[in-house]
Amino acid sequence: MCGIVGYIGPRVATPLLVDGLRRLEYRGYDSAGIAILNGHGVETRKAAGKISRLESLLSSSPIEGNIGIAHTRWATHGAPTECNAHPHVTEDGSIAVVHNGIIENASTLRTRLTERGHVFSSETDTEVLAHLIEELYEDTLEKAVIAALSHVEGTYGIAVMAASDPGKLVAARLGSPLLLGLGEDEYFIASDVSAILAHTRQVIYLDDGDVAVLTRDGYDIFDLDAATKSHVVSRVDWDLDQIEKGGYAHFMLKEIFEQPSTIGNTMRGRLLEEEGTAKLGGLNISDEELLDIDNIIITACGTSWHSALIGEHMLEELTRIPVEVEYASEFRYRNPIVTDRTLCIVISQSGETADTLAAMREAKRRGARTLGLVNVVGSTIARESDGGIYLHAGPEIGVASTKAFTSQVVALALLTLKMARLRDLSILRGREIVAGLQALPGQVQQMLDRADELEELAEEFKRSPNFLYLGRGFNFPAALEGALKLKEISYIHAEGYPAAEMKHGPIALIDAMMPVVFIAPHDSVFDKLVSNVQEVRARKGKTIVLTSRDEPALEGLVDYEFRMPETLEMLTPVLAAVPLQLLAYYIAVKRGSNVDQPRNLAKSVTVE
Ligand code: F6R
């Protein structure tokens, strides 16, 4: 989604801001722009398309100064044109605004402002903010911003500067993430820490309703009533090399290959071998309270929703607590049954997905305890949930989620283990699960070492227009995830189904042109799955089978096989995810797709 970077300090702002925008590219965007405040007032440069176009413009028409704001836009209101790109400035060019989020009453405000003589030059909701600030400007920029925000409905993360109040940047947040970076005599604003990690690790995560004023001498934070607020300074422990490709062709490939260590990091210090359980320090919920839980709701979007489905299976099987999984976008708008004995688990890589955040707030409002399974430290879901489990998978830059997914499933396994051991899971079974988890990093590595097999398979199927992914039990969600990975980066139409459901419709699609990927580890539903392989084979479909043993039952039924190591049934989706990710990756590369920034997609969906 959109990205914001702002700078104030002694250095020349333009290269810092452009570098910041580059580091936000992964979030998805379709235009970019920059505004610098200098002796000539506010100067802007904007370009539709990639940041490289903005860079060419800046080299032919440079702008210099020590204060600036910059933006990558992912179009919502109005096409991705230069005119609609941010920053938006007032007619006289004196006030510039960049904005993430959506101003819901923009058209009403625009009409009122037009009646008062303001002339708009873009179709965006953001431009309304610039005019509104101008309209209400009396004294200082921050007062005008606070006054303007009192008329606004919707969500925003904004950075503003004005020629009439030079030497100052103002930032404000409501529902769209924003942080301040604190350097040596210099300050940054960013919507994502990656943008400023090269310059500082000291950050302040703004809360909803915060307004920050940055000068070269320091910063102040206020609420929307202009009362001063104090804030905690956090230290970011991600390294710069974690947000670089490190020799890999794409971030996605790097992140797939990082999984032996990221899975290990999710478990680090959390497994108690002897006791056969897990220790989860951040839950913020006592064992007694965990025992009191009547029902669990897991809510998430996209890939995180797929891991939720696996979590449902694990938790119900081992704890016997009823679990319901719901798309966050649906949960927030219905009348769910939530009590004070409901545990609401919220899963999000970014910790900022708008629907997931809103669903969590709704569950909380209704009295549930909330647990966030989040990767990004300091993100809104991490801060607002009652407790949680950090994934510790490190920054995920590739738009298609890979390492976060396997870490989510592992974190769910840890939570299941802990909750089940508090109930009636035996110590022996607990130890088995601990051992299964401990073996995962090595098993994932074994499959990564055979990535070339999947690259060859990709060559075979790169032109297929459709794919079907089938699995049962724990691996039905793995099938959904495999299909999602393929469609989002290769643009091939792919569907995931519970294998037995195929007979109720999708079987009509099967012919010699249809590749069908079966996730078939040797588990309790293996025999059932073999029948489904037979059904595809009988209709001449191409069968690609991920399995874990030499199985006589599969003889003559398999066109392509990939062998996975054996693990406990509940952990099979972690292993299955890896070849599915690699297959999708190689097919997408062979089709020439932009794997790390697939069309129309954003890394973190911060609007509804
Ligand atoms: C798919 C993907 C998305 C995200 C979804 C939720 O590869 O990345 O489907 O999983 O947008 O994002 P988070 O987990 O950040 O809430």
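**A buried histidine and a ligand pocket**

Hi everyone, let's start with a contact: the backbone nitrogen of His-99 lies 3.2 Å from a polar atom in the side chain of His-86. Before going on, please keep in mind that this is a predicted model.

So where does His-86 sit? You'll find His-86 in the loop that runs between strand 4 (67–73) and strand 5 (88–89). Is His-86 buried or exposed? With a relative accessible area of 3%, His-86 falls under the 20% cut-off, and therefore counts as buried. Its side chain has another partner too: His-86 makes a polar contact with the side chain of Thr-126, at 3.4 Å.

The ligand sits in the largest pocket. Two elements each give two or more residues to the shell around the ligand, namely helix 9 (302–319) and helix 16 (475–490). There are 14 residues around the ligand, and those that come nearest are Ser-304, Ser-348, Ser-350, Thr-353 and Glu-488. What kinds of residues make up that shell? Eight are polar, four are nonpolar and two are charged.

Let's look at some contacts in turn. A polar side-chain atom of Thr-353 is 2.4 Å from an oxygen atom of the ligand. For Glu-488, an N or O atom of the side chain lies 2.5 Å from a ligand oxygen. Thr-303 uses its backbone instead: a polar backbone atom there is 3.1 Å from an oxygen atom of the ligand. As for how covered the ligand is, on its own it exposes 410 Å², and the protein buries 89% of that.

How values were computed. Residues are numbered from 1 along each chain as its sequence is written. This is a predicted model: local features need pLDDT of at least 70, side-chain atom pairs count only at pLDDT 80 or more; totals for chains, interfaces and linings use all residues. Side-chain values use heavy atoms; hydrogens and water are left out. A residue is near a molecule or strand if one of its heavy atoms lies within 4 Å of it. A polar contact is a pair of N or O atoms within 3.5 Å; within protein, one must be able to donate a hydrogen and the other to accept it, and residues adjacent in sequence count only if both atoms are side-chain atoms. Accessible areas come from the Shrake-Rupley method with a 1.4 Å probe; for residues, only the protein chains shown count as cover. On a 1 Å grid over the protein atoms alone, a cavity is a set of points where a 1.4 Å probe fits but cannot get out, and a pocket is an open set with protein on both sides within 12 Å along at least five of seven lines; lining residues have an atom within 4 Å of a point. A molecule sits in a cavity or pocket if more than half of its atoms lie within 2 Å of its grid points. Helices (H or I, at least four residues) and strands (E, at least two) are DSSP runs, numbered from the N terminus. Ala, Val, Leu, Ile, Met, Phe, Trp, Tyr, Cys and Pro count as nonpolar, Asp, Glu, Lys and Arg as charged, and the others, Gly among them, as polar. Buried means under 20% relative accessible area, exposed over 50%, partly exposed in between (1.4 Å probe, protein chains only).
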